[in-house]
Amino acid sequence: MEGLYVINLRANSSAIISAHQFLNPIPSKFTILRSMQQTHMLNHSPFKQFSVSSMKAQQVEISAGLASVSDAGISDKDALKLKEWEVGMFQDEIAASQGIKIRRRPPTGPPLHYVGPFEFHLQNEGNTPRDVLEEIVWHKDIEVSQMKERKPLSMLKKLLDNAPPVRDFVGALKAANSRTGVPGLIAEVKKASPSRGVLREDFDPIQIAKAYEKGGAACLSVLTDEKFFQGSFENLEAIRNSGVQCPLLCKEFVVDAWQIYYARVKGADAVLLIAAVLPDLDIKYMIKLCKLLGLAALVEVHDEREMDRVLAIQGIELVGINNRDLGTFKVDISNTKKLLEGERGERIREKGIIVVGESGLFTPADIAYVQGAGVRAVLVGESIVKQKDPTAGIVELFGKDIAS
Ligand SMILES: O=C(O)c1ccccc1NCC(=O)[C@H](O)[C@H](O)COP(=O)(O)O
């Protein structure tokens with residue numbers, strides 16, 4: 001029962017304890033929130049704290065009780081900030097235990113360093129994103145909370161009744177694969193990307209979508225992220241209303257169930273769930289939500305650990321193997337083969353999962369390679385969107401006409 005405890009005070013007068021040695025048994029009144037290594041973050045949390053050493057559990061209880069009485073004046077705003085901070089920390093800890101490297105939100109600000117009259121933050125000491133994926137997710141978190149304020153879930157639920165009917169995304173891929181003998185094509189309407197910059201200056205999403213459909217695409221993927229990909233939900237909606245029949249994947253960085261409702265309202269038939277971003281519980285919940293809304297879910301993995309996590313989840317029909325590491329941008333199409341080898345490949349076949357090979361596919365040899373590895377669909381952006389005539393780009397990519 002002895003150790004060094006850091007106590008954060010909550011508005012509701014209970015206490016959260018961080019201990020460098022876990023208490024056993026844990027006093028029922030307290031939650032062990034995080035280990036000592038993380039007290040750095042605690043130290044920079046905006047909330048009052050103090051540490052005590054060699055303290056008995058009973059005394060901790062008493063101290064916490066007394067201290068929280070003196071803290072009774074905490075404002076609602078601070079209490080909300082504390083709640084968000086705690087939830088964020090819990091999420092990151094659960095995610096890290098599943099091998100997820102990105103943090104869903106920036107930790108509380110890094111400490112300020114003072115040199116004479118100046119103050120500065122050190123890079124990567126706290127709230128600097130570790131890579132582009134983390135930067136995208138942090139930005140998405142803010143963007144979604146702003147969008148939610150403008151269009152609350154209750155409003156979206158009402159708009160669902162007027163959304164265009166859902167089309168069968170998985171069925172379209174299977175049908176194209178059977179008809180052509182090559183993987184069904186999900187052609188991506190993508191103006192720009194963090195790794196490649198602007199791919200096409202004269203970007204007309206409807207024209208591109210129609211050219212893809214004419215070229216034999218089974219489905220389309222429409223980037224809706226504005227900041228990093230120059231996409232938009234207006235593009236998704238416009239393509240949906242343009243008469244294009246291909247089912248549409250809303251290519252977003254989903255961090256909140258609200259986005260799934262929004263995608264459906266805007267006419268999506270499928271959404272992307274990225275295992276490098278979402279913990280298992282989120283994926284399970286979001287898959288259920290997709291089923292409820294009639295949407296297909298393309299669950300994307302990049303490595304063996306993510307694949308194993310996803311294979312342990314019931315009800316997944318569509319798994320994408322991204323050949324691009326979304327943090328480093330490194331593209332290697334042998335990743336698809338690696339993840340489909342041996343026992344994993346067998347489990348995927350047993351479960352009847354359709355695998356989609358994603359990113360870095362440019363030639364008929366690339367398509368044949370991933371098909372040989374076991375994919376029944378491919379998701380392709382750069383190599384076809386950059387072509388003056390994307391319909392001809394599809395013929396070039398497959399080495400044959402897949403439209404007829
Ligand atoms: O494409 C990027 O640079 C990128 C960076 C960070 C996160 C995601 C990113 N791309 C999403 C994709 O995976 C691709 O758009 C998609 O698979 C098509 O890839 P490609 O055929 O190589 O354009």
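Mentor: Let's start with a term: a polar contact is a pair of N or O atoms within 3.5 Å; within protein, one must be able to donate a hydrogen and the other to accept it, and residues adjacent in sequence count only if both atoms are side-chain atoms. Here, a backbone N or O atom of glutamate 382 sits 2.8 Å from an oxygen atom of the ligand. This is a predicted model, where local features need pLDDT of at least 70 and side-chain atom pairs count only at pLDDT 80 or more, while totals for chains, interfaces and linings use all residues. Residues are numbered from 1 along each chain as its sequence is written, and side-chain values use heavy atoms, with hydrogens and water left out.

Trainee: Which residues around the ligand come nearest?

Mentor: Being near means having a heavy atom within 4 Å. There are 19 such residues, and Glu188, Lys190, Ser195, Ser359 and Gly381 come nearest.

Trainee: How do I read the largest nonpolar core?

Mentor: A nonpolar core is a set of buried Ala, Val, Leu, Ile, Met, Phe, Trp, Tyr and Cys residues joined through side-chain atoms within 4.5 Å. Buried means under 20% relative accessible area, exposed over 50%, partly exposed in between (1.4 Å probe, protein chains only). The largest core here has 105 residues, with Leu185, Tyr212, Leu220 and Leu273 touching the most other members. Helix 9 (residues 257-265) gives the largest share, seven residues. Helices (H or I, at least four residues) and strands (E, at least two) are DSSP runs, numbered from the N terminus.

Trainee: What is tyrosine 212 in contact with, leaving aside its neighbours within four places in sequence?

Mentor: Contact means heavy atoms within 4.5 Å. Among the partners of tyrosine 212 are Glu188, Leu220, Gly381 and Pro390.

Trainee: Is glutamate 134 buried or exposed?

Mentor: Glutamate 134 counts as buried because its relative accessibility is 1%. Its place is in helix 4 (residues 132-150). Beyond neighbours within four places in sequence, glutamate 134 is in contact with Lys101, Ile102, Arg103, Thr128 and Pro129.

Trainee: How many helices and strands are in the chain?

Mentor: The chain has 16 helices and 16 strands, and buried residues make up 52% of its 404 residues.
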